[in-house]
Amino acid sequence: MTTDASARAIKPELLRTYTEDFNKDRANLIAADAAVSAGVLKAATDYRGVRALPRDFSIELKQGSITNQERSGRCWMFASLNTLRYELMHRWNLEDFEFSETYLFFWDAMEKSNTYLENVLRTLDEATDSRLFEAINWGPSDDGGWWQMFAALVNKYGLVPKSAYPESENSRNSDDFKQYLNSKLREFAAELRRRSVAGASEDELRALKDEYMSTVYRICAVALGEPPEKFDFFARTKDDAEADADGKAESCKCEGKSDAKACKCDKDKSDKPKTGKDERPQIREIGITPLEFYKKYVPVDVNDFVTLANAPLKNRPFNQRYRIRFSANVAEAGDMEFVNVPLDVFKKAALDQLTAGHPIWFACDCTQFALRKDGLFDQSVVRVDQLFGTEFTGDKAHGLEYGDSPSNHAMTFTGVNLGEDGKPDRWKVENSWGKDAGKDGYYVMSDAWFDRYVTELIIRKEYLDDATRALLTTEPVELDPWQPLTRRCR
């Protein structure tokens, strides 16, 4: 290849050609007026594409109030908790419920800090500019994560309702907290490496790490407040329910019976004077621990879910189990795993789980062909091809291989619309950007967008086909570390 500087430069005569060609096309001038005045996304919005995505769905799950991660990268945690709260609400017949995201955020910061320092001890022989150490050192305790990180935290620390550990300014806007925590962790890493060169033993280094973790705890506790060891829980069930001896809310036993006049539920209601007092059954717990709360009130086991990926890459063959090195947040929990499957298997698992009445955690690139304010994911809505006069032809493999469409946001599927042929044409998406984003906090996604940009699903094992389930017992292929969900999509 030539090293002549003039051959590498943009030539003035070519620039003159470019501007002449641009200005003689009326479409370019109209597009420029629109884009400069309104921005690319508004100028590229196609009203026909918007009208082709109605917000009604043949299968739709009733969820609680929309949550808001605000200025933090906790989407994976919100999506996970939204998935579980649906199950809790319907098991206990609650009108609404929200877990404390800050509770897991505290322990995630602690566990990621510990795992980072452990990874530093595992790679003392690596140069600081090696690809491996750079991946480990990139964001020691950043916000991003995956379902399996969530499961590891729940298994160890349990869950609490939001009332027991509410949001703080540093959970709502985590940048400053995490900036200085990461800076301190990198100082600790440098000292561990220096002590190692000076001849310190592994036991001495690990003892020093334990001292460092005291500082980490102090930083987390100052920023977020200490998490509760025990708490009180109070909730009221819906009006159409009664609580059994275990606190479970049950619907009226007369439902569906033909002799409605003899229904005891109706008689009991009519006999009670209307005093204005809230007579709904109560669920009350005094001094319950987070692990006790999770085991008693959450009707699903976080370990009964599997990460399915649809990554059509030559170096990631389908129908194979994979493990990503150095990807754990909880050191003793082990690295993250996934099974890579073809699109038809991937989508069928999603449909089966939604049809059975269970929401789905998923990850995607939420920035591509998306209208955040209007709540739309569809390439036929954001016609940047028409605006710029060029086609965007990259497929899913290209987007993953070249880093053009990485998974940068996690959300929850809570509905799907099936056409006359029984195939999906659009999906209902619960987001965690508050009720003012999208339509009351919900988005609609075209099925074509699902195929192109949805890359991970968290599926209950019971909705896997036999062939995919069998892969869970095979030896995983180990992959080099990478940075999941490090781009905060807010």
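Which residue forms a salt bridge with Asp-143?

First, the ground rules. This is a predicted model, in which local features need pLDDT of at least 70 and side-chain atom pairs count only at pLDDT 80 or more, while totals for chains, interfaces and linings use all residues. Residues are numbered from 1 along each chain as its sequence is written, and side-chain values use heavy atoms, with hydrogens and water left out.

Now the answer. Asp-143 forms its salt bridge with Lys-178, and the closest N and O atoms are 2.8 Å apart. A salt bridge here is a side-chain nitrogen of Lys or Arg within 4 Å of a carboxyl oxygen of Asp or Glu. This pair links distant parts of the chain: Asp-143 is in the loop between α8 (131-137) and α9, Lys-178 is in helix α11 (residues 175-197), and 35 residues separate them. Helices (H or I, at least four residues) and strands (E, at least two) are DSSP runs, numbered from the N terminus. Asp-143 is buried, at 1% relative accessible area, and Lys-178 is buried, also with a value of 1%. Buried means under 20% relative accessible area, exposed means over 50%, and partly exposed is in between, using a 1.4 Å probe and protein chains only.

Next, the whole chain. It has 19 helices and 16 strands. Of its 490 residues, 50% count as buried. The C-alpha atoms fill a box of roughly 95 × 70 × 45 Å along the principal axes. A contact means heavy atoms within 4.5 Å. Among contacts with a separation of 6 or more, 78% come from residues 24 or more positions apart.

Back to the salt bridges, of which the structure holds 38. Asp-56 forms one with Arg-426, with 3.3 Å between the closest N and O atoms. Here too the pair links distant parts of the chain: Asp-56 is in the loop between α5 (47-51) and β1 (59-60), Arg-426 is in strand β13, and the two are 370 residues apart. Asp-56 is partly exposed at 45%, whereas Arg-426 is buried at 8%.

Glu-202 is exposed, with a relative accessible area of 55%. Arg-206 counts as partly exposed at 27%. Salt bridges that share partners join Glu-118, Glu-202, Arg-206, Lys-209 and Asp-210 into one network.

Let me move to helix α9, residues 147-157. How many of its 11 residues are buried? Eight are, and the helix is mostly covered. Among the buried ones are Trp-147, Phe-150 and Tyr-157. What covers them includes α6 (75-92), α7 (101-122), α14 (290-297), β6 (305-309), β9 (360-364) and β15 (454-460). Just after the helix, Gly-158 takes a positive phi of about 75°.

Now the aromatic rings. A search of the whole structure finds 29 aromatic pairs. Rings of Phe, Tyr and Trp (its six-membered ring) pair if their centres lie within 6.5 Å; planes under 30 degrees apart count as stacked, over 60 as edge-to-face, and the rest as tilted. Phe-413 and Trp-427 have ring centres 5.0 Å apart and planes at 45°, so this pair is tilted. Phe-413 is in strand β12 (residues 409-418) and Trp-427 in strand β13 (residues 424-430), 14 residues apart. Both Phe-413 and Trp-427 are buried. Trp-433 and Tyr-443 make an edge-to-face pair, 6.0 Å centre to centre with 80° between the planes. Trp-433 sits in the loop between β13 and β14 (442-446), and Tyr-443 in strand β14. Trp-433 is buried, as is Tyr-443.

Thr-468 is in helix α19 (residues 466-471) and counts as buried at 2% relative accessibility. Leaving out residues up to four places away in sequence, Thr-468 touches Leu-308, Val-339, Val-341 and Val-345. Ala-331 is in the loop between β7 (320-324) and β8 (337-340), and counts as partly exposed at 36%.
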